[in-house]
Amino acid sequence: MRTILTFAFLGLPAIAHAAAVDPVHPGTALRVKATNATLDPTVRKAADGSELVALTFQPSVAPSLTLSPTQGAWHWPANGTMRLRVQNGMPWPVTLIVDVASGDTHLKTTVGLPPGPPQTLSLPLHATSPRAFGMQVGPPMPFDDGKIKRLVATSVDGAIDAAHVSSVTLSMPQPGAAQTVLIGAIDDVPGDADLKAAYTGIVDRYGQYTRATWPEKIASDAELKRRADATPHVDAVAGLDRYGGRTDLAAMKATGWFHTQKQNGRWWLVTPEGHAFFSLGVNAVNHTDGRTYVQGREFMFTDASGASGRFGGTADSRSDNGSQRDNGMNHGRWWDIYANNVARTLGDDFAKAWRARTLDRLKAWRFNTLGNWSDPAFATDRRMAYTVPILIRGDFNTVSTGYDYWGRMPDPFDPRFVTATEHAVAAATRTVRDDPWLLGYFADNELAWAGQGPQGRWALAMGALAQGPESPAKQAFMAQLKQRYPDVAAFAKAWGVEATDWNHVAAAGFHAPDPNEAHPAIAADDIAFLKAYATRYFQTVAQVLKKADPHHLFLGGRLAVRTPEVEEASATVADVTSINTYTDLPEHGFDVAEFRRWDKPVMITEFHFGSADRGPFGNGVVGVAREAERGKAYARFVDAANASGVIVGTHWFQYVDQPVTGRVLDGENAHIGLVGITDIPFDGFTRDVTATNARVGGGSGSGRGR
């Protein structure tokens, strides 16, 4: 039912406008359309003087209230901001959707409205997101700017002609019970001052978020040094060999190197001395892991003087069309906040002292492995097992799957890929091939083995067929098809395509259809090609690696986006399949039962649980409600991995929290660390982690302290 009322009749405050635009004068009739919502015409005056009326959304799929002028349109500034005075009428948070329309075009945002006093909701009249400001997650809302409580929409989608705004709709996503919000004056102002204010001064000189407090937050250099230098005492742990292998279990073969072995129905890693070893690792244990861009967003920092000294540098991420494809403020001067803080506690020449302190912590927390992306200099300390990445780069052919976040897939059928692999392996193995503390090598990282969506499994096959006849991957697929089909007509019928000769298929731009029920041969042929592709990749790396270093483990390719074909190929060829999975339990991230069926070991080389209550705005790929839940989630995950019978290790991502303003690499800014950007450990979390690691890793005695 649609009712046409005036704001004067409703008692609703008039829509206010900046003098620079055509006004809609107070008392002008407005069209009000309520769908499963009711508007109480009684004006309520809040303690701060705001005049508000109650809008109640009834239980339904999408209750809404639409305001529009009875004639013409509102004329708002093109790069301006809409402001709405609003208050949550419930004692719990509610979700409010705002849709500003200009004819058939829309600008939409969804905001969380906490209980409390009235605040001003600011909606930029253009699309925006935290990515535009160089970070993946924006600052929490609302915030107090010293004058008024503001709720700025930092994520806005769509586009409108602001000079011809036809309506503003407020709605709520399917409330289970009646929910009331109070609304007041709508205003429009030129410029983006509100949006910029949301990001202004959010980081202090220590890299900490300025608008919140938490137990590990510090306020002075003296406090930073006292808390960061309070390294834990490391007790001797009985029942473990020097590498961390369990001497309480039956001994296995001692080869002098880490290897794998199955005993009593389960797979183990085995230390050089022949003892069972469950790899409890941490990724990115590196003192250069706190870099964030400063240039172009100096207004976000209360003091970024560290960027102009030895902890600053320059970079340009704009050429990255994957992880930086929609990131702004992504070039220029950066500041390594973490390294700056470490130097405040250990002095300018801190690298060796930092490694000693960090290893003390990790051993006290009962970790036994340095995961990927860790400081290579740890290898010289020989106090903990470590891993080495083999990063294969070169001018070989690549194939797009459409989800090329870290780049396109290398073409293993290209002879130049073999040459590039030889160079990469030689560089990776040169100084470590004779080191018994080396656990093994990873090949590349999170390659784009599949695309997105339900048909993403076939993206690599389709991408290969779309290439021209010069593509080695295309040639390999074509050879496979020609071997299966006696002529092109048989192929065309099986795939449901038009092709009069094989040259038509070989031509660049050939569009292969997705597998479908009418043409089951497509899926069968794609699967055969994907198996061949993955097998060629892993065999190439394995053969080159084992020739250069026959002693150490090939730990697979750190699979993230993956298919059944690549998992099976890795399980068949690699010594251990490495999988990066972000889920609540390992079996929810990949098919653990398949690895049991293949009877092959697998290692989880990235997982984490984050929360948003310790500074950085993001809570990681898998978030929990609060800091106290992180340790519980860690225990559930690692215990399940240990009980699987095929998982031989779990590596946490990562050692240090990401910068509040986002890491240089891609703007990630999550609280997922064992320590903060100040190098102060998170006491409760590390205690919980220590208990889990001691239970899973074996041995008796414990590290004390943080």
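**Local geometry and helix packing in the predicted model**

Asn264 lies in the loop that links strand 16 to strand 17. In this predicted model, the phi angle of Asn264 is near 55°, a positive value in a residue other than glycine. Asn264 is exposed, its relative accessible area being 75%. Strand 17, which covers residues 266–270, runs antiparallel to strand 18 and is joined to it by two bridges. Across this pairing, Leu269 is placed opposite Phe277 of strand 18.

A positive phi angle is also found at Gln174, where the value is near 45° in a residue other than glycine. Gln174 is located in the loop between strand 14 (167–171) and strand 15 (179–189). With a relative accessible area of 56%, Gln174 is exposed, because exposure is assigned over 50%.

Cis peptide bonds were also examined. The bond from Met141 to Pro142 is cis, with omega near -5°. Pro142 falls within the loop that connects strand 10 (119–124) with strand 11 (143–144). A cis peptide bond also leads from Phe653 to Gln654, and here omega is near 15°. Gln654 occupies the loop between strand 31 and helix 15.

Strand 31 itself, spanning residues 647–652, contains Thr650. The relative accessible area of Thr650 is 0%; this residue is therefore buried, the limit for burial being under 20%. When residues up to four places away in sequence are not counted, the contacts of Thr650 include Phe278, Ser279, Leu280 and Gly281. Thr650 also touches Ile604 and Phe607, together with Phe637, Val638 and Ala641.

Val638 also takes part in the packing of helix 14 against helix 15. Helix 14 (residues 628–643) and helix 15 (residues 683–697) pack at an angle of about 15°, and their axes are 8 Å apart. Because angles under 35 degrees count as roughly parallel, the two helices are assigned to that class. The crossing of helix 14 with helix 15 is right-handed. On the side of helix 14, the contact is made by Ala628, Arg630, Gly631, Lys632, Tyr634, Ala635, Val638, Asp639 and Asn642. Helix 15 contributes Phe685, Asp688, Val689, Thr692, Asn693, Arg695 and Val696. Classified by residue type, this contact comprises seven nonpolar, four polar and five charged residues.

A further helix pair is formed by helix 11 (residues 520–548) and helix 12 (residues 564–573), whose axes come within 8 Å and cross at roughly 35°. This crossing is likewise right-handed. Helix 11 supplies Ile527, Leu530, Lys531, Ala534, Thr535, Phe538, Gln539 and Ala542 to the contact. These residues meet Glu565, Val566, Glu568, Ala569, Ser570 and Val573 of helix 12. The contact of helix 11 with helix 12 contains eight nonpolar, three polar and three charged residues.

Technical notes: Residues numbered from 1 in each chain as written. Predicted model: local features only at pLDDT ≥ 70, side-chain atom pairs only at ≥ 80, totals over all residues. Heavy atoms only, no water. Pairing = 2+ DSSP bridges. Helix = DSSP H or I, 4+ residues; strand = E, 2+ residues; numbered from the N terminus. Buried < 20%, exposed > 50% of the residue type's maximum accessible area, 1.4 Å probe, protein only. Contact = heavy atoms within 4.5 Å. Axes fitted to C-alpha atoms, helices over the stretch in contact; angles between N-to-C directions. Parallel < 35°, antiparallel > 145°, perpendicular 65-115°, else oblique. Left-handed = near helix turned anticlockwise from the far one by under 90°. Nonpolar A, V, L, I, M, F, W, Y, C, P; charged D, E, K, R; others polar.
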